[in-house]
Amino acid sequence: MAKYQLVDTFNKVVISRHNSLEAMVRADKRHSQMIRKANGQSSYIPTSYRNSDGTPISDDDAQFCSYFYSGAGRIRQGG
C-alpha cells in the first residue's frame, strides 16, 4: 500500500499514490509541467502532499519535499 498521496486541492481529487517522498515530488513536478504545457506558462493546479490516510505530511517531510522540489537535494540509497 502506498504511503503518500499527491492531491489536487482545487478539484479535491487524488492525483497519484507513492511509496516514497521522492517519487511524490517527482510526480508533482511532472504534473506541473504538463499543466503548463497544455495551458500556458502561468497555469497551475494547487497540490498538497498527504499521508495515505489523508492527513497532511509531517513538517520534517514537508521541508524535505520543498528542498527536493527546488532541485537542491537527491536521496542516496544504501551506505
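Predicted model: local features only at pLDDT ≥ 70, side-chain atom pairs only at ≥ 80, totals over all residues.
Residues are numbered from 1 along each chain as its sequence is written, and side-chain values use heavy atoms, leaving out hydrogens and water.

Start with the overall layout. The chain has two helices and three strands, and from the N terminus on they run β-β-α-β-α. Helices (H or I, at least four residues) and strands (E, at least two) are DSSP runs, numbered from the N terminus. Buried residues make up 30% of the 79 residues in the chain; buried means under 20% relative accessible area, exposed means over 50%, and partly exposed is in between (1.4 Å probe, protein chains only). A contact means heavy atoms within 4.5 Å. Among the chain's contacts with a separation of 6 or more, 49% are between residues 24 or more positions apart.

Now follow the chain into the loop between strand S1 (4–8) and S2, where you'll find Lys 12. Its phi is near 55°, a positive value in a residue other than glycine.

Next stop: His 18, in strand S2 (residues 13–18). With 11% relative accessibility, His 18 counts as buried. His 18 and Tyr 4 are 14 residues apart in sequence, yet their C-alpha atoms are 5.1 Å apart in space. Leaving aside residues up to four places away in sequence, His 18 touches Ala 2, Lys 3, Tyr 4, Ala 23, Met 24 and Ala 27. The side chain of His 18 also makes a polar contact with the side chain of Ser 16 (2.6 Å). A polar contact is a pair of N or O atoms within 3.5 Å; within protein, one must be able to donate a hydrogen and the other to accept it, and residues adjacent in sequence count only if both atoms are side-chain atoms.

On to helix H1 (residues 21–39), and back to that opening definition. The structure holds one salt bridge: Arg 26 pairs with Glu 22, and their closest N and O atoms are 2.7 Å apart. Why can these two meet? They are four residues apart in H1, so about one helical turn separates them. Side chains of opposite charge can pair when their charged atoms come close. Arg 26 is partly exposed at 36% relative accessibility, whereas Glu 22 is buried at 11%.

Ser 48 sits in strand S3 (residues 47–51) and is buried, with a relative accessible area of 16%. The side chain of Ser 48 makes a polar contact with the side chain of Arg 50 (3.4 Å). Not counting residues up to four places away in sequence, Ser 48 touches Gln 5, Leu 6, Val 7 and Thr 9.

Finally, look at how the helices meet. The axes of H1 and helix H2 (residues 59–69) come within 10 Å and cross at roughly 50°. The contact involves residues including Glu 22 and Arg 26 of H1, and Phe 64 and Phe 68 of H2. Axes here are lines fitted to C-alpha atoms, for helices over the stretch in contact, and angles run from 0 to 180 degrees between N-to-C directions.

Definitions and conventions:
Salt bridge = Lys/Arg side-chain N within 4 Å of Asp/Glu carboxyl O.
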